[in-house]
Amino acid sequence: MEYRIEDLAHHSGATVRTIRAYQDRGLLPRPERRGRSNVYEEAHLARLRQIADLLDRGYTLASIKELLEAWDTGRGLGGVLGLAVEVDGPWTDEKADRITRAELDAAFGGVPDEAAVADAVSLGVLEPVPGREDEFLVPSPQELAVAVELHAAGVPLSAISGHLRELRGQVEHIASRFLDFTTEHVFARYLGHHPPTEADAAEAASLVRRLRPLAQQSVDAELARAMRLFATRHLRQQLDPEQPPAREEDTESVALPASTMRAVRGLVGDGNASAFIAAAAEREVQTRTLDSLTTNAIKKNIVR
């Protein structure tokens, strides 16, 4: 197939101006000149589609140029695209679902709430389905089910949205730290040169598959530990309301090294540093108390 530039724009979805800009930047080979016309071929259309795909994956034009140059010199692009597909793929086994507006209203008590629906759309909990005003895509049915249960328990929808926003910020921080950690200690050796070789990109894609579940497993384990710690403390306070509150003389400010505080903030964020330190101290006290009780019990048995 041969195309004029207007035909190439039509088939690729790019504008004539964009095609010429890609040529000027060296992203797209020059067309063949035949008389007064420029003639493009299937290779130009394929290249435009490659560029569009990489742009959709978040690559800059400068990075795309490096990747395409690697492809043109025989170093391969398949490994890099395979890595991109692996990273862009689903990070959960959960499948998206759909829900009608009537089903949504019924799940939340049967009373329509336009503000709550708009809030859910802005958070991405619901996504409008083009051409279907009464239907929504639900990317995470589990997340919606949690909201339904909380609302049934008496939590206002505005409070649920606010909690999700706060939770999302904290989880995004955890995800960012996990990526920094794995990049520094795992992926740096594969992606430290641009563009990576075909073999390195393929190996990195394999590692993504292996490490994909680790972030969620770590968060699940630590969330279970923290919930057990704080829920037990909270229940004890609720069941023993006569327990006197902590006196000022029972508390003490302890100066920690600046390096320690930086490490804690880098791990859990500024807003959670105090709670993290308090929880760590309490856990240490509990451990030492148990050690002391065990030691005393052993001594008593020996004396007997």
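**Entry 1: the whole chain**

I looked up burial, and found that buried residues make up 26% of the 304 residues in the protein; I take buried as under 20% relative accessible area, exposed as over 50% and partly exposed as in between, with a 1.4 Å probe and protein chains only. I note that this is a predicted model, in which local features need pLDDT of at least 70 and side-chain atom pairs count only at pLDDT 80 or more, while totals for chains, interfaces and linings use all residues. Residues are numbered from 1 along each chain as its sequence is written, and side-chain values use heavy atoms, with hydrogens and water left out.

Of the contacts between residues at least 6 apart in sequence, 57% join residues at least 24 apart, where contact means heavy atoms within 4.5 Å.

I asked which residues of helix H2 are buried. In H2, residues 16-24, they are Ile19, Tyr22 and Gln23. Seen down the axis of H2, these buried residues fall within an arc of 100°, so they line one face of the helix; the arc is that of the directions from the helix axis to the C-beta atoms. The face turned away from the buried side carries the exposed residues Arg17 and Asp24. Just after H2, I found Gly26 with a positive phi of about 80°.

I then turned to helix H1 (residues 5-12), which packs with H2 at an angle of about 100°, the axes lying 9 Å apart. Axes are lines fitted to C-alpha atoms, for helices over the stretch in contact, and angles run from 0 to 180 degrees between N-to-C directions. H1 and H2 are therefore roughly perpendicular to each other, a label for angles of 65 to 115 degrees. From H1, Ile5, Glu6, Leu8, Ala9 and Ser12 meet Val16, Ile19 and Arg20 of H2.

I count two strands as paired if DSSP finds at least two bridges between them. Strand S1 (residues 2-3) runs antiparallel to strand S3 (residues 37-41), joined by two bridges; Glu2 has Glu41 in S3 as its bridge partner. Strand S2 (residues 32-34) also pairs with S3 in the antiparallel sense, over three bridges, and Glu32 stands opposite Val39 in S3. S2 and S3 form a hairpin with two residues between them, and Gly35 in the turn has a positive phi of about 65°.

**Entry 2: strands S4, S5 and S6**

I asked in what order three strands form an open sheet. The order is S4-S6-S5, with antiparallel pairing. S4 (97-100) and S5 (127-129) stand at the edges with a single partner strand each, so one side of each is left without a neighbour in the sheet. The twist averages 40° from one strand to the next. S5 pairs with S6 (residues 132-138) over three bridges, and the bridge partner of Val129 in S6 is Arg132.

**Entry 3: Asp105**

I located Asp105 in helix H6 (residues 101-107). Asp105 is buried, with a relative accessible area of 14%. Leaving aside neighbours within four places in sequence, I found Asp105 in contact with Gly110, Val111 and Pro112.

Technical notes. Helix = DSSP H or I, 4+ residues; strand = E, 2+ residues; numbered from the N terminus. Parallel < 35°, antiparallel > 145°, perpendicular 65-115°, else oblique.
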